[in-house]
Amino acid sequence: MASPAVVEVRRSDRRRRMVSARREGDTVIVFIPGWMSEAEERRWVDEMVSRLERSEAKRRSPGRHGDEALQKRCLELSRKYLKGKATPASVRWVPPMRTRWASCTPEDRTIRISERLREVPGWVVDYVLVHELAHLLVPGHDDAFWSLVRAYPRTERAIGYLEGLSAAAGLDLVGTDGPEDAEEPAPAEAG
C-alpha cells in the first residue's frame, strides 16, 4: 500500500499510555498521550502507521489483483477446506452481475467472481470462492453442499456481510449465486 497522503497526530493529556491509530479517508490519525516527547511521537507514528498498513493488507483479498492470483487463492482454499478435491479450470473476475456475486459452471469447472467484490474484505472473497469451489463437487444447494461450505469458519459472517452489502447498495442479490441460492438451510440453534 502506498504511504498515506497525510498523517495527523492528536495529543491528549487525558490519554495516559495507550497509542492508537485509525484511517479516515487518505489520512491516518495517530492518538498519543500528551506527555510524549517529539522523538517518542515520531517513533510511535512510524510504528502505528506500519501496524495499520499491515492490518489493512491482511484484510484485503489476496486474489484482488488479478485472475492468476484468484486462481492461486482458490487452490489454497480447496486444499485447506475441501481436501484439495475442488480444482477449477479457471477463475476470473467478471463485470458486475445483475443477480449474483459469483457463478460456477461445474461442467467446464469455471468460476466467475463479480468485480463488485474486489474491495470487500479478503475473508468475504474467500467465502465466495469456497462456495463456488463446493459447487464443483456438489452442483445444488443441498445439505451435502452446505456441509462443504461450512468447513470455512467465517461462512455465516460472510453471508451476513454480503446481505448487508446488497441491502446497502439497493441490489437484489440474495446469496452468493443469486436468488435461487435462498435454499440455504437455517443455521442450527445454539442452546
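Contact here means heavy atoms within 4.5 Å, and helices (H or I, at least four residues) and strands (E, at least two) are DSSP runs numbered from the N terminus. The structure is a predicted model, in which local features need pLDDT of at least 70 and side-chain atom pairs count only at pLDDT 80 or more, while totals for chains, interfaces and linings use all residues. Residues are numbered from 1 along each chain as its sequence is written, and side-chain values use heavy atoms, with hydrogens and water left out.

The protein chain holds five helices and six strands. Along the sequence they follow the pattern β-β-β-α-α-β-β-β-α-α-α. Of the 191 residues, 43% are buried, where buried means under 20% relative accessible area, exposed over 50%, and partly exposed in between (1.4 Å probe, protein chains only). Among contacts between residues at least 6 apart in sequence, 49% join residues at least 24 apart.

Confidence is given as pLDDT, the predictor's value for each residue from 0 to 100. The chain has a mean pLDDT of 83, and 83% of its residues reach 70 or more. Among the elements, the lowest mean, 81, belongs to helix H1 (residues 38–59), and the highest, 96, to helix H4 (residues 143–149). Over residues 178–191 pLDDT stays under 50, and the model has 22 contacts beyond four places in sequence for this stretch. Where pLDDT is low, the predicted coordinates should not be read in detail.

Helix H3 (residues 122–137) has 16 residues and spans 23 Å from its first C-alpha to its last, close to the expected 22 Å. The expected span is 1.5 Å times one less than the number of residues. Because 15 of its 16 residues are buried, H3 is largely enclosed by the rest of the structure.

Two packed helices are described by the angle between their axes and the distance between the axes. Axes are lines fitted to C-alpha atoms, for helices over the stretch in contact, and angles run from 0 to 180 degrees between N-to-C directions. Helix H2 (residues 67–81) packs on H3 at about 70°, with the axes 10 Å apart. That makes H2 roughly perpendicular to H3; angles under 35 degrees count as roughly parallel, over 145 as roughly antiparallel, 65 to 115 as roughly perpendicular and the rest as oblique. On the H2 side the contact involves Leu70, Arg73, Cys74, Leu77, Ser78 and Tyr81, which meet Val125, Asp126, Leu129, Val130 and Leu133 in H3. These residues divide into eight nonpolar, one polar and two charged, with Ala, Val, Leu, Ile, Met, Phe, Trp, Tyr, Cys and Pro counted as nonpolar, Asp, Glu, Lys and Arg as charged, and the others, Gly among them, as polar. Arg73 is buried, at 18% relative accessible area, and its C-alpha lies 8.0 Å from that of Asp126, 53 residues away in sequence.

H3 also packs against helix H5 (residues 155–169), where the axes come within 9 Å and cross at roughly 105°. H3 and H5 are therefore roughly perpendicular to each other. Trp123, Val124, Tyr127 and Val128 in H3 meet Thr155, Arg157, Ala158, Ile159, Tyr161 and Leu162 in H5. This contact has eight nonpolar residues, one polar and one charged.

Ser103 lies in strand E5 (residues 102–105) and is buried, at 9%. Beyond four places in sequence, Ser103 touches Met97, Thr110, Ile111, Arg112 and Glu132. Ala144, in helix H4, is partly exposed at 42%.
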